[in-house]
Structure formats: C-alpha cells, structure tokens
Amino acid sequence: MNKDRRALLAGVGLVGAGTVLAGPATAAHGSARRAERRRGYLWLAGDHHLHSQYSNDAMYPVAAQAERAVAGGLDWIAITDHGNVPFATHSVNPLVADIRTARERHGDHLLIFTGLEWNIPAGEHTTLMLAPGRNEAAFLQEFVTKHDARVNGTRDGTPANEELAVKAVQFLREAVRRGRIDDALVIPNHPARLGINSPSETRAWRDAAPEIVIGMEGAPGHQAAGLPAPGMARGRGLYDSSPGNWSFRGYPAEAYRTWGGFDWMAAAVGGLWDSMLAEGRPWWITTTSDGHQGCGDWVKNPVDPLNQTGYDSIPYNDRGDTFNSTGRFPDPVNAGRPISEYSSLPPGAYNKTWVGATSFGYRQVMDAMRAGRMWVCFGDLIAGLDLRLGRSPMGGTERVRRGGKVKVTVTVDLADRPNATGLVPRAARVDLILGTVTGPAADRAAFRAPDSRVVKSWDVSGLSGTITLEHEVTAENSFYVRVRGTDGKRSAPGYFGADVDPAGPAIDVPGQANPWEDLWFYSNPVFAIVR
C-alpha cells in the first residue's frame, strides 16, 4: 500500500483497524515487542474500558476483545460491560467464566481484569476494576445488584442518590479492607460528556475512598465518532450533547465537547483537573477506547450493522430471544465491508494508558495506577515518557526547601515505528504546566485553578530518538507540574485564555474531527511540598 493510500484510509479511520475473531493472536503496529523496562519501571499499555457481547450495545466475545487488544499492543485490559437489569440477571457468571478462559489462553502476555461500567447513582458511567480472585463473580453480582443505578433506579441527580453513590464507594473500600475482594479501583468515564458529574460529587467520591476512586478518564474513547461522512459525523468521543435536567449548571457549553479529543475537565489548563490537583491530593487521568466495536472492522452485530439502536427489545434469532432474556448478544458476523460508521477504534489502535509497574502482574498494575505512574497517548505519538521533579517520578512527591531550586526533567522517547495508520507520527511540541497547591477547596463546587498555567514550551519538531528537556523551578510555595505534547497540527488558545495556555488543544467540531490529525499525550503530575 503506498503512502498516499495509507493517508487516505487513515482519514476515515480504516488503516490497521482489522479484527481477530478466532485463531492465534495477531501482532499489529509494533505490538509484538514485549513490555520494556525504562527508567526503573516496566511500562505496560492498557485499556480499562472495554465492552463485550454482555453489554446491551456491544458485540465482541471476550476472547475476541482479548485478541484485538494483543493485536493493538496492549498488555492489560478490563472488560467493563454495562450495568443494567439483564446484565445483573443473566450475564455475570458467564462473563467471568469467559474472562477466566481468556486468561488461561493468554497467560503472561495479557492481563485481563473483571470490571463493570457502573452507573454510579446520580452520576455518569464509571469503571469498576477488580483484582482477580475467587470472589470475583459473587462480588460483582452483589455489587451490580445492590449499587448500579440502572438496576436500582437511582440515576436521577437527587441529593439522596448522590449520598447512595458515596455509600457505594464506601462499600467498596470496606470490602477491600475486609478481604472480600482483593482490590478495586473506580475511575469515572467521560466525566463531562453529559455534565452530570458535578465538582462536588467528584470530590465526594474521591474523599470517601481516595485509594479506590483514583481519578477520571481524561480522554474518552469513541474517538472515531467525529470523523466526517462516511464516518459517524458526530462529536469526537460522542461528546455532542447539551445540559440536561441533572447537569451541573456551572459548566459552560464548551464543556460538552472534547478538546483535541480530551475531556474538557482535563484539557482546560486551570480547569477542574487542575483545581483537584491544587488541593494537593492525587487525581489521575487515563484514556480508553470505550471499545464497543471498531471503526474499519469487517464485522457487525447480526442485529444492527451500525450498533446504534437500542437493543433491549430487538429479537436477534429465530427463537425471538432478546438481550433482555439472555444478557448476551450472539457473535458478530462478516459485514462484507469495513464499517466506517462505527464510533470506537480497536483497543490499542488509538488510545493507550501506559502504567509504570514494578513487575508484570494484576496487583502491580493496580498499585501503579493508584500511585499515579501513568501517562496517556493518542495514536502512538510517542513511545515513552518520563517526568521527574527532582528525583520524584509521576505521581510522586518531592520535598523542597522554600526558596530552593528544583529541576524538572522530561524524557521523551519519540515514535520510531508506524502506528495503526501505517505512518510514523511526529511530535512537534511539549508543554510544561505548573500549578500552585493551595489546599482543600473552600468551595466544593469549584472547577477553577487560577494559578495553573503553561510555563514552558519546547519545539521538538524534526528531532528523533530519546530527548531530554529540563526546566528549573524556584520553590516559593507547594506546587505540581505535569506535561503534555502534540503533533502540532491543531492548536488554539486555551479555554481560560492565552495568558494561561497560549497553544492548547482546540475544541472539536462534531462531524469535522479526524482523530489521526490531532494527536496528544499527557502525563500525570508530580507534586512538590515546600517546607
């Protein structure tokens, strides 16, 4: 395939987007390499938000999702099917059985977590990720039955339902403490999409169990949804709604769109993510595929080739069975063409969350996520990232004497191999963002950190290999630093103005957003405590 042909197909999200339904795992776009230990950690790429045929709007068997993940270069995944009555009634035991079978097949090549896309009471969809153990199925069954908002009717954003969400998080914390489940993590997904995760609710979840509720999906899946026709021509990430009955009224209209593919809460320098970090408390970001299907895949659900209608009442075989009565869709079938109208990209093809683990294992991945040793990337724009403040890595805390100087060191392994489009992406700029730590927010509804801003930008266009970038900070007050980078193809002054962010991600226009032409990476922060 020539370069021009690759570029054309990349524009509609088709290159490298094939799927595997059976047979041995297939390597694609650099996925054959083993995880690499760099600068003290084993960096493992993963996705904590994937759906299987046990979701009422998805289609792949667990085995196929695992093989697709390996093909996409992932080391770990979580299967997070939607909580609802059919799932709670029929799906939990067969889902967990399928996950265990997939674990046996992939051994030490792919870690597969049991999870749930939890409808948190009064809030949005939320990843629940469980450590493997003998109680996985029983605990998931109990949790979804008792605490999922679509099962127990607690979706409305009332104060009573908000309190139930806090109690559910506390239930998880207590279950881990008592050994009922080995470990659990909670990460709210696409947090600004509907505007129903208010700042005060987000703080309440975190404060109820900070070792469980560790952060948010800073960049959503469904990135192919923004592709113009013949693509889906919707909002990138399916962010194309407006405030509803239970939306937080303080959010601006711009919060309901992605910015460079990232959720507004993460993309707006000085916004909600920074306001959480300004409290000096951990709050990390991730990215996921939200994989229901795959743009460019040659398969479809036998019920609905576009996977867009509500499935709950649609017969899907000659017996008239429905998802309502089985909690599972049949295996996908050959579509006869690559379907460009799908919103998700295959796992690992576009969104990757990189985790710095001490070794390869389930608890090691969860411990690293909890510690904040994570960075996120679109389209394999870079191959590695290390951020240090003094000697402290991402997620860490450096202690600095007031008035002393501390060095920020950013090490970037630039891309050296093709991504899913067949082209090698090129980074153009790296930005350093610094914010002052001011302590717990007096206003729990706050989503503004006025002292956070871009303090340094480096032009890295034309460079190759591993580069090291340095900046010195004089520590007058406690602070944090984080970095982001871009291919430089699409930038604009940030939401809070050019003096805060002169060249940040631009707001995405529904139906006019090619994700392959707008690549970014973000680190999680490092804190400095000044004494």
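**Exercise 1.** How are α2 and α3 oriented to each other?

*Solution.* A quick note before we start: this is a predicted model, where local features need pLDDT of at least 70, side-chain atom pairs count only at pLDDT 80 or more, and totals for chains, interfaces and linings use all residues. Numbering runs from 1 along each chain as its sequence is written, and side-chain values use heavy atoms, leaving out hydrogens and water.

Step 1: find the helices, which are DSSP runs of H or I with at least four residues, numbered from the N terminus. Helix α2 covers residues 62–71.

Step 2: take the angle, which runs from 0 to 180 degrees between N-to-C directions of axes fitted to C-alpha atoms over the stretch in contact. For α2 and α3 that's about 40°, with the axes 9 Å apart.

Step 3: name it. Under 35 degrees is roughly parallel, over 145 roughly antiparallel, 65 to 115 roughly perpendicular, and the rest oblique. So α2 and α3 are oblique to each other.

**Exercise 2.** Work out how α3 (residues 85–106) lies against α4 (residues 136–147).

*Solution.* Step 1: their axes come within 10 Å and cross at roughly 150°. That makes α3 roughly antiparallel to α4.

Step 2: look for contacts, meaning heavy atoms within 4.5 Å. Among the residues involved are Phe-87 and Val-96 of α3, and Leu-140 and Val-144 of α4.

**Exercise 3.** Which residues line the largest cavity?

*Solution.* Step 1: the whole structure has 3 cavities of 30 Å³ or more, and the largest is about 40 Å³. A cavity is a set of points on a 1 Å grid where a 1.4 Å probe fits but cannot get out; lining residues have an atom within 4 Å of a point.

Step 2: read off the lining: Trp-259, Trp-264, Ala-267, Ala-268, Gly-494, Tyr-495, Asp-501 and Pro-505.

Conventions. Helices (H or I, at least four residues) and strands (E, at least two) are DSSP runs, numbered from the N terminus. On a 1 Å grid over the protein atoms alone, a cavity is a set of points where a 1.4 Å probe fits but cannot get out, and a pocket is an open set with protein on both sides within 12 Å along at least five of seven lines; lining residues have an atom within 4 Å of a point. Grid points are joined across faces, edges and corners, and a volume is the space filled by probe spheres set on the points.
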